[in-house]
Structure formats: structure tokens, C-alpha cells
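Look through the model first, then read the points below.

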Amino acid sequence: MPIAYACPHCGKQFSVAEQFAGQSGPCAGCGQTITVPRPAFAPPGSSAASGAAVGAAAGMSVLAIVLIVLLVFAVGCGGILVALLLPAVQAARTAARRAESSNNLRQIALAVQNYHDTYQVLPPAVVTDASGKPLYSGRVLLLPFLEQGALYDRWNKDEAWDGPNNRALSESKIITFSDPSAANPIPGQTDYLFLTGAGTLFEPGKFLSMPAVLDGTSNTILAVEVKDSGINWAEPRDIDLSQPTALPASHYPVGNQAAFLDGHIQPISKNMTPEEIRALATRAGAEPVSPY
């Protein structure tokens with residue numbers, strides 16, 4: 001595109017091709033030396049504009065490559081970070097569920113204590129009829145002390161747990177009897193079982209009081225957490241330790257959570273022998289027990 005300019009000496013107007021921009025020579029009018037000015041901008045389609053477009057395109061290409069590299073790096077690092085953090089997140093969730101499970105056991109222990117304060121005896125593990133036939137679990141007797149008084153009032157005290165009236169009630173989910181780590185439990189399943197049998201707090205046919213616990217309330221287990229018990233909370237079935245017996249599996253790697261009669265909660269190591277477990281469950285054996 002032609003460049004129009006005027007001689008600064010004589011004022012005569014000239015027009016030259018763009019290719020002469022920046023060159024110097026004598027003015028055709030006065031002979032004085034003048035320089036052809038450069039255009040203030042490069043019009044579209046000119047060589048200058050083309051060069052600018054090429055440069056801009058090259059700059060954008062470099063920027064795009066840098067962004068892609070950064071994106072790939074971020075995705076790769078993100079995957080690594082997720083892989084590193086996932087075990088920690090899972091461990092934190094397990095710890096939170098175990099803490100909630102411990103609180104459930106503590107509530108059960110407090111309910112047992114409150115029952116004792118009210119009736120001056122510990123609740124039986126199994127409620128029977130006049131002939132000695134099992135009807136339902138002692139967990140039913142704890143309902144009023146677990147903010148489940150309305151459910152307890154509807155319970156037919158002379159009927160078995162799976163009778164016409166009580167069956168539907170027994171399928172109610174009681175949060176205190178349900179471990180937060182339990183996956184798809186059966187309706188009304190309990191994840192906390194009493195330790196029963198001769199010499200325990202729940203010895204069949206006996207109504208015991210605190211003075212009978214000669215081993216001390218802090219050394220005597222009343223209930224433990226188990227995995228997939230398959231037992232309804234109202235069902236008269238628990239863990240019989242009349243003979244040394246290993247505890248069922250736990251939801252947690254540290255071992256079964258156990259509630260002691262004084263209300264404290266302690267995990268029972270998987271390395272404990274059946275004999276040691278029974279020693280912790282008996283109330284007056286005076287057995288030496290290794291740390292658990």
C-alpha cells in the first residue's frame with residue numbers, strides 16, 4: 001500500500017510504495033535529503049500484518065503447549081496425591097466409626113448401671129416365662145434406659161420376641177445396638193452381645209448385684225462388639241463363655257470393642273486366648289489377666 005508523505009523542507013506532497021519505508025534520498029522538489037516515514041500501523045494483508053499474525057500464532061501455540069504440559073502434570077500429580085491420601089482418609093473414617101461404636105457400648109454399659117440402680121440387680125441376659133422358657137433378650141429390659149421407652153411400653157412382656165406382637169417391634173432399628181460399620185445388617189440386628197455363662201455377670205438363673213463382682217467392675221466385661229452377628233437385638237441369644245471360647249470377628253482391625261461394667265471401653269486384642277477372655281468375663285475368679 002502506497003505511503004503518502006510531505007517534504008519537511010519545501011512541503012511538496014509525495015506518494016511512494018510501502019517497500020521504500022524508512023529509506024532516505026533527495027527531495028524531488030528542493031533537493032534536500034528526506035526520509036520516507038514508516039506507517040503507524042500495518043494494514044490487514046500487508047507483510048507487516050502477516051508477520052505479526054505469524055508471531056501471534058506462534059506465541060499462542062507455545063502458550064497452548066505450556067498449558068497442556070501443566071494440565072498433564074496437574075492430573076498426574078493429582079492422581080498421585082489421591083493415591084497417597086486415600087489410605088489416610090479411609091483410616092480416618094474407620095477411626096470415626098470405631099469411636100461411634102465405642103459410644104454405643106458405653107451407652108449400653110450406662111443402661112446396665114441405671115437398671116441396677118433402679119432394681120438393685122443386674123438385668124438378666126435372657127428373660128424367661130414361669131416355666132423357664134426363653135422369651136426375649138435382656139436388651140429389651142434396657143430400652144427405657146436407652147430413650148426407647150415408647151417401644152418398651154408396646155412390648156408384650158409375656159410373649160416371645162418373635163411372637164405375633166413382638167416380631168414387628170423387634171425389627172425396629174435401635175441405633176445403640178447397631179455398629180456404624182455394619183454393612184446391610186438384617187432388620188433389627190444387634191452388633192453388641194452380652195458375655196454369658198457360669199461365673200459371668202449374666203449367669204443363667206441368677207440375679208446378681210454389684211457386690212457380687214469381686215474381680216472389680218473395671219476388670220469385668222459385660223458386652224462386646226461383633227461383626228455380622230445375625231442375631232436380633234430382642235433374640236435371647238448371646239456369647240456363651242461357660243467354656244473358653246474365642247470371640248467372633250470384629251469390624252475393626254484393633255480387635256473387638258468391649259464394654260466393662262464400670263463403663264469404660266477397651267479393645268480386646270485378637271491375640272488374647274479364650275482362657276484370658278473368659279478370665280475377663282468372670283466376676284469373681286481372681287484370675288491374673290495380661291494387658292489387653
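Glu203 counts as buried because its relative accessibility is 15%, under the 20% cut-off. The model is predicted.

**Glu203 and Lys206**
- Glu203 and Lys206 form a salt bridge through their side chains, with an N to O distance of 3.6 Å.
- Lys206 has 41% relative accessibility, so Lys206 counts as partly exposed.

**Glu203 and Arg283**
- Arg283 also pairs with Glu203 in a salt bridge; the closest N and O atoms lie 3.0 Å apart.
- Arg283 counts as buried because its relative accessibility is 10%.

**Glu235 and Arg237**
- A salt bridge joins Glu235 to Arg237, and their closest N and O atoms are 2.9 Å apart.
- Glu235 is at 15% relative accessibility and therefore counts as buried.
- Arg237 is at 40%, so Arg237 counts as partly exposed.

**Network and total**
- Which residues do shared partners join into one network? Glu203, Lys206 and Arg283 are joined by salt bridges that share partners.
- The count of salt bridges comes to five, including the pairs Glu203 with Lys206, Arg283 with Glu203, and Glu235 with Arg237.

Definitions and conventions:
Residues are numbered from 1 along each chain as its sequence is written. This is a predicted model: local features need pLDDT of at least 70, side-chain atom pairs count only at pLDDT 80 or more; totals for chains, interfaces and linings use all residues. Side-chain values use heavy atoms; hydrogens and water are left out. A salt bridge is a side-chain nitrogen of Lys or Arg within 4 Å of a carboxyl oxygen of Asp or Glu. Buried means under 20% relative accessible area, exposed over 50%, partly exposed in between (1.4 Å probe, protein chains only).
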